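Here are some notes to read alongside the model. Please keep the sequence and the 3D view open while working through the points.

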Amino acid sequence: MARALAHADVFRAIADPTRRAILDRLRAGPTPVNALASEFEQSRPAISKHLRVLRDARLVVEERSGRERVYELRPVPLQQVAGWIAGYRSFWQVGLTNLKRLLEEEK
């Protein structure tokens with residue numbers, strides 16, 4: 001059970017730079033797997049593994065069109081990440097405000 005949940009973890013899915021690059025690419029629209037894989041130096045099977053992690057996290061969906069598989073971005077699960085990051089926004093804002101005040105005092 002824990003392993004199944006780990007595969008569906010959005011944070012785990014976006015932890016890898018290749019998977020983030022795939023998500024960035026899919027922002028332009030649905031893309032056939034072969035076209036998607038051709039944009040990366042990794043092998044097609046390696047890209048397929050990344051796509052499986054993204055599918056498990058429900059960040060992408062796979063649709064079959066004849067013999068081809070087309071992937072499409074489903075960004076809703078990223079709201080979980082955005083919510084987590086929002087908790088740090090005030091922390092960053094306080095730090096930037098303090099830095100600004102310090103720099104203005106030095107003038």
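1. **Terms for exposure.** A residue is called buried under 20% relative accessible area, exposed over 50%, and partly exposed in between, using a 1.4 Å probe and protein chains only. By that rule Leu78 is partly exposed, because its relative accessibility is 26%.

2. **What kind of model this is.** This is a predicted model, in which local features need pLDDT of at least 70 and side-chain atom pairs count only at pLDDT 80 or more, while totals for chains, interfaces and linings use all residues. Residues are numbered from 1 along each chain as its sequence is written, and side-chain values use heavy atoms, with hydrogens and water left out.

3. **Confidence.** pLDDT is the predictor's confidence in each residue, from 0 to 100. For the protein chain the mean is 89, and 93% of the residues reach 70 or more. Helices (H or I, at least four residues) and strands (E, at least two) are DSSP runs, numbered from the N terminus. Confidence is lowest in helix 1 (residues 2–7), with a mean of 47, and highest in helix 3 (residues 17–26), with 97.

4. **Helix 3 against helix 5.** Two packed helices are described by the angle between their axes and the distance between the axes. Here the axes of helix 3 and helix 5 (residues 44–56) come within 10 Å and cross at roughly 75°. Axes are lines fitted to C-alpha atoms, for helices over the stretch in contact, and angles run from 0 to 180 degrees between N-to-C directions. Angles under 35 degrees count as roughly parallel, over 145 as roughly antiparallel, 65 to 115 as roughly perpendicular and the rest as oblique. Helix 3 is therefore roughly perpendicular to helix 5.

5. **Who meets whom.** Contact means heavy atoms within 4.5 Å. From helix 3, Thr18, Arg19, Ile22 and Leu23 meet Ile47, His50, Leu51, Val53 and Leu54 of helix 5. Sorted by class, this contact of helix 3 with helix 5 has six nonpolar, two polar and one charged residues. In that sorting Ala, Val, Leu, Ile, Met, Phe, Trp, Tyr, Cys and Pro count as nonpolar, Asp, Glu, Lys and Arg as charged, and the others, Gly among them, as polar.

6. **Thr18 and His50.** Not counting residues up to four places away in sequence, Thr18 touches Phe40, Gln42, Ile47 and His50.

7. **The nonpolar core.** A nonpolar core is a set of buried Ala, Val, Leu, Ile, Met, Phe, Trp, Tyr and Cys residues joined through side-chain atoms within 4.5 Å. The largest one has 20 residues, and those with the most contacts inside it are Ile22, Leu23, Leu26, Leu51, Leu54 and Leu59. Helix 2 (10–14), helix 3, helix 4 (33–38), helix 5 and strand 3 (68–73) each supply at least two of its residues. Helix 5 gives the most to this core, with four. Leaving aside neighbours within four places in sequence, Leu26 is in contact with Thr31, Leu36, Val60, Tyr71 and Leu73.

8. **Val70.** This residue is found in strand 3 and counts as buried because its relative accessibility is 19%. Which residue 39 places away along the chain has its C-alpha 5.3 Å from that of Val70? It is Thr31. Thr31 is also among the contacts of Val70, including Pro30, Pro32 and Val61, when neighbours within four places are left aside.

9. **Arg58.** Most residues other than glycine have a negative phi. Arg58 has a positive phi of about 65° although it is not a glycine. Arg58 lies in the loop between helix 5 and strand 2 (60–65) and is exposed, at 64% relative accessibility.

10. **Pro77 and Leu78.** Pro77 sits in the loop between strand 3 and helix 6 and is buried at 18%. Pro77 touches Val10, Ala57, Arg58 and Leu59, not counting residues up to four places away in sequence. Leu78 belongs to helix 6 (residues 78–106) and, with neighbours within four places left aside, contacts Val10, Ile14 and Leu59.
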